[in-house]
Amino acid sequence: LPAPPARLPYVPHVPPMPLLGKVTATTFALERPRCVFDGHADASDAVWLAVAFANASATFRNPRSRADVPPYKQLPTARSYMTLETAAAAYSCSAPSPPVLRVGGDTACRDQGRQDPCNGPLPSPGPYRVKFLLMGCRGPKAETRWSEPILLRRALSPGTIDPAPTRRGSDVVVIASILASLGAVLATAVLGALGAKVWGSLCHQELGTDAFTRRSYRTHHIPPALPQPLPPGCGCSPPGLC
Amino acid sequence: MAKSDDCIHILQGLLVFGNVVIGMCGIALTAECIYFVSNPHDLYPLLKATENNDIYAAAWIGIFVGLALFALSILGIIGVIKASRTLLLVYIILMLITFAFEMASCITAATHRDSLTPSLFLKQMLERYQKSEPANDSDNEVTKTWDELMLQNHCCGVLGPSDWQEYTSAFHLTHSDADYPWPRQCCVLDAQGLPINLDGCKLGVPGYYNSNGCYDAISGPLNTHAWGVAWFGFAILCWTFCVLLGTMFYWSGIEY
């Protein structure tokens with residue numbers, strides 16, 4: 001019987017650094033394990049990532065050889081699959097590599113249905129648990145612990161967004177109230193002035209006076225007539241008596 | 001006698017000055033509203049799609065009100081100098097009508113500015129951006145406007161790229177979430193228009209994607225537009241109110 005795989009204490013986890021896309025609706029990122037498999041791995045070994053639904057991780061059985069590896073398309077039925085087959089050298093201490101692995105980033109293999117290990121997008125939000133499995137020619141040689149459950153994002157429908165403003169701005173109230181009062185004052189003033197004119201002309205038209213107009217009289221100053229001296233043709237000294 | 005003549009002359013002078021100011025403000029209002037209506041920031045398609053473009057209606061009213069104010073101020077100056085009752089009566093009545101229209105424009109601009117919330121644009125963007133079967137032309141316009149907005153302002157979504165993750169969208173019906181957590185326009189692009197690091201952009205590594213939202217780029221010009229129409233119109237109306245009261249007082253005092 002082959003020896004059971006060594007249990008490494010490493011726990012896979014989502015990277016702690018702030019990356020906006022580390023967990024999306026169909027993918028998630030994992031911190032790349034470094035120096036975890038050194039001492040257990042040969043040059044020809046491969047490290048796989050086993051992904052299982054969180055409630056199915058307890059029943060996951062390590063495959064005995066590469067041919068028994070559960071493929072991606074069996075995830076809905078078998079509730080687990082393995083992917084991200086990588087040479088063990090890529091996870092060694094001295095390998096320069098990006099610090100993050102992305103699970104679910106390959107849409108081409110899902111659409112084309114290739115038989116190779118497929119890192120296809122995850123079909124449901126999960127939660128999922130993952131572990132790394134070091135596979136040699138004769139079966140699994142080492143495995144890490146299962147990760148904590150990773151829950152993917154659930155997106156809401158945009159119909160839940162309420163576009164109404166939360167509160168009426170105070171500017172609108174100020175503008176509307178002041179303008180309305182100005183308009184009311186103007187309308188009242190015009191109606192009042194016109195009404196007073198009409199009232200005045202109706203009540204006072206017999207008298208012929210108008211109490212509201214301010215007349216400016218430009219008077220022509222007519223001096224009283226002075227008695228004209230008679231023309232000197234009469235010759236009588238008391239006038240009128242000749 | 002001479003004193004009341006002086007008073008009349010002072011009142012005439014004030015009314016002429018008031019009307020000159022109204023005329024100039026009318027021209028300024030027309031110019032400002034023409035600028036807004038000409039859509040300098042290409043945001044009109046977004047507003048038209050929300051069926052909430054009343055701030056444009058307010059600007060259109062502002063154009064005509066401004067011209068009317070200019071014409072009426074000239075009429076008012078002539079009426080005051082000639083002390084003609086009929087001219088001034090016509091002036092007062094037409095000014096009241098213009099006052100009413102401008103009041104409507106100000107209140108409309110102020111009210112509808114309030115209704116342009118981030119949620120409104122978010123909902124519209126999620127439902128219409130890159131819609132696969134565009135129901136009408138306005139969906140294409142919305143997509144084009146958002147593309148240009150995101151490219152020119154180096155922004156993503158309304159509040160940030162997480163808008164695309166928190167809500168389902170028409171965009172995600174045609175573009176899978178694994179390949180496109182957010183649109184490519186949210187990535188930092190090089191001179192050829194390709195992302196400088198596509199994997200970094202998909203993961204959300206700072207520096208390879210635009211993390212700020214576009215709402216500031218939208219609301220800035222719209223605020224300027226709405227407040228320019230609303231508050232400037234309000235100021236003109238306050239001044240016009242005083243001039244109209246003075247004119248009515250003057251009108252009631254001139255002889256037949």
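When the bonded cysteines of chain B are numbered in sequence order, they pair as 1-6, 2-3, 4-5, a disulfide being a pair of cysteine sulfur atoms within 2.5 Å. The model is predicted, so that local features need pLDDT of at least 70 and side-chain atom pairs count only at pLDDT 80 or more, while totals for chains, interfaces and linings use all residues. Residues are numbered from 1 along each chain as its sequence is written, chains are lettered from A and ligands numbered from 1 in the order in which they are written, and side-chain values use heavy atoms, with hydrogens and water left out.

Over all chains, the structure holds five disulfides. One of them links B:Cys155 and B:Cys214, with the sulfur atoms 2.0 Å apart, and it is right-handed because the torsion about the S-S bond is about 95°. Since B:Cys155 lies in the loop between helix H6 (137–153) and helix H7 (162–166) of chain B, and B:Cys214 in the loop between helix H9 (198–203) and helix H10 (215–253) of chain B, the pair ties together parts that are 59 residues apart in sequence; helices (H or I, at least four residues) are DSSP runs, numbered from the N terminus. Both B:Cys155 and B:Cys214 are buried, that is, under 20% relative accessible area, whereas exposed means over 50% and partly exposed in between (1.4 Å probe, protein chains only).

In chain A, a disulfide joins A:Cys109 to A:Cys118 (S to S 1.7 Å), and this link is right-handed, with 75° about the S-S bond. A:Cys137, by contrast, counts as exposed because its relative accessibility is 72%.

Note on methods. Helix = DSSP H or I, 4+ residues; strand = E, 2+ residues; numbered from the N terminus.
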